Amino acid sequence: MHPTFTGPDGRSRCRWCAAAPEFTAYHDREWGFPVADDRRLFEKLCLEGFQSGLSWRTILAKRDAFRTAFHDFDIDRIAAFNQADVERLLGEPGIVRHRGKIQAVLNNARRAQDLVREYGSLAAYVWQFEPFADVLAAPQTTSVSAASIAMSKDLKKRGWAFIGPTTIYAFMQAMGLINDHAEGCAIRAEAAEARRAFRPPVRDA
């Protein structure tokens, strides 16, 4: 199967975004574009954890509800959640009501605070794992990489949960640490330009 398709607007896009109409805007405006905002990075780490065993379409449809339930993924506010908040979230009809995944978000928020104290920002930590272009596989031919394995292993040592190497690879694709748009996808060049203009955050001295 060809990795791209031609949309009704005549533009060639990654074939995966043909699976649902709501994927087009996500693919064109978000997926693969570099992100340095801690809330967005933390949100994506959390949502990829919630996606485990489910489809991204399910999670994307619930994203606004997740943002409301988790205070727009404010790390400090979530880190202050307690068991009563877990029970409240288990009653939220708009999100995935999985106790283990909800508790992982609370745990990971506290671990993210540790990283912010150590690195100055979650972004500075994340972007140190950006892989060199010459070690990347061809676009959309793998679901794990040396970089995603390394980041997953380090996060696990730091006490994070629901952050396996496949989850981290999907996170890297989405947050622009790699440009995994298919060759021939019209958005690939736009993502590449955004990456060229992007200055990855660095660890505080």
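A residue is called buried here when its relative accessible area is under 20%, exposed when that area is over 50%, and partly exposed in between, with a 1.4 Å probe and protein chains only. By that rule C17 is buried, at a relative accessible area of 2%, and C185 is buried too, at 5%. The structure is a predicted model, where local features need pLDDT of at least 70, side-chain atom pairs count only at pLDDT 80 or more, and totals for chains, interfaces and linings use all residues. Residues are numbered from 1 along each chain as its sequence is written, and side-chain values use heavy atoms, with hydrogens and water left out.

Let us stay with the cysteines for a moment. A disulfide is taken as a pair of cysteine sulfur atoms within 2.5 Å, and the count comes to zero disulfides. C17 takes part in none, as the nearest cysteine sulfur, that of C14, is 6.5 Å away. For C185 the closest cysteine sulfur also belongs to C14, and at 3.8 Å it is too far for a bond.

Next, have a look at helix α10. Helices are DSSP runs of H or I with at least four residues, strands are runs of E with at least two, and both are numbered from the N terminus. Helix α10 spans residues 165-174 and is mostly covered, with eight of its 10 residues buried. Those buried residues are T167, I168, Y169, A170, F171, M172, Q173 and A174. What covers them, with contact meaning heavy atoms within 4.5 Å, includes α1 (23-29), α2 (38-51), α8 (122-127) and α9 (146-157). After the helix comes G176, whose phi is positive, near 80 degrees.

Positive phi values turn up elsewhere as well. Most residues other than glycine have a negative phi. H71, which is not a glycine, has a positive phi of about 50 degrees; you will find H71 in the loop between α4 (63-69) and α5 (75-79), partly exposed at 28% relative accessibility. F162 is not a glycine either, and its phi is positive at about 55 degrees. F162 sits in the loop between α9 and α10 and counts as partly exposed at 35% relative accessibility.

Now for the charged side chains. Side chains of opposite charge can pair when their charged atoms come close. The criterion for a salt bridge is a side-chain nitrogen of Lys or Arg within 4 Å of a carboxyl oxygen of Asp or Glu, and a search of the whole structure finds 22 of them. One of these joins R57 and E22, at 2.8 Å from N to O. R57 lies in helix α3 (residues 56-61) and E22 in the loop between β2 (12-14) and α1, so the pair ties together parts 35 residues apart in sequence. Both ends are partly exposed, R57 at 40% and E22 at 33%.

Another salt bridge pairs R203 with E118, their closest N and O atoms being 3.2 Å apart. This pair links distant parts of the chain, with R203 in the segment after α11 (186-197) and E118 in helix α7 (residues 99-119), 85 residues apart. R203 and E118 also belong to a network of salt bridges that takes in D154 and R158. A further pair is E130 and R195, at 3.0 Å from N to O. Here E130 is in the loop between α8 and α9 and R195 in helix α11, 65 residues apart.

Finally, turn to the open space. On a 1 Å grid over the protein atoms alone, a pocket is an open set of points with protein on both sides within 12 Å along at least five of seven lines, and lining residues have an atom within 4 Å of a point. A volume is the space filled by probe spheres set on the points, with grid points joined across faces, edges and corners. The largest pocket has a volume of about 400 Å³. Its lining has 17 residues, of which W31, Q51, W56, A170 and Q173 lie nearest the centre. Helix α10 returns here with the largest share of that lining, six residues.

The second largest pocket has a volume of about 330 Å³. It is lined by 19 residues, with P131, F132, A133, L136 and I178 the closest to its centre. The elements giving two or more residues to this lining are α9 and α11.

Conventions: 1 Å grid on protein atoms, 1.4 Å probe; cavity = no way out; pocket = protein on both sides within 12 Å on 5 of 7 lines; lining within 4 Å.
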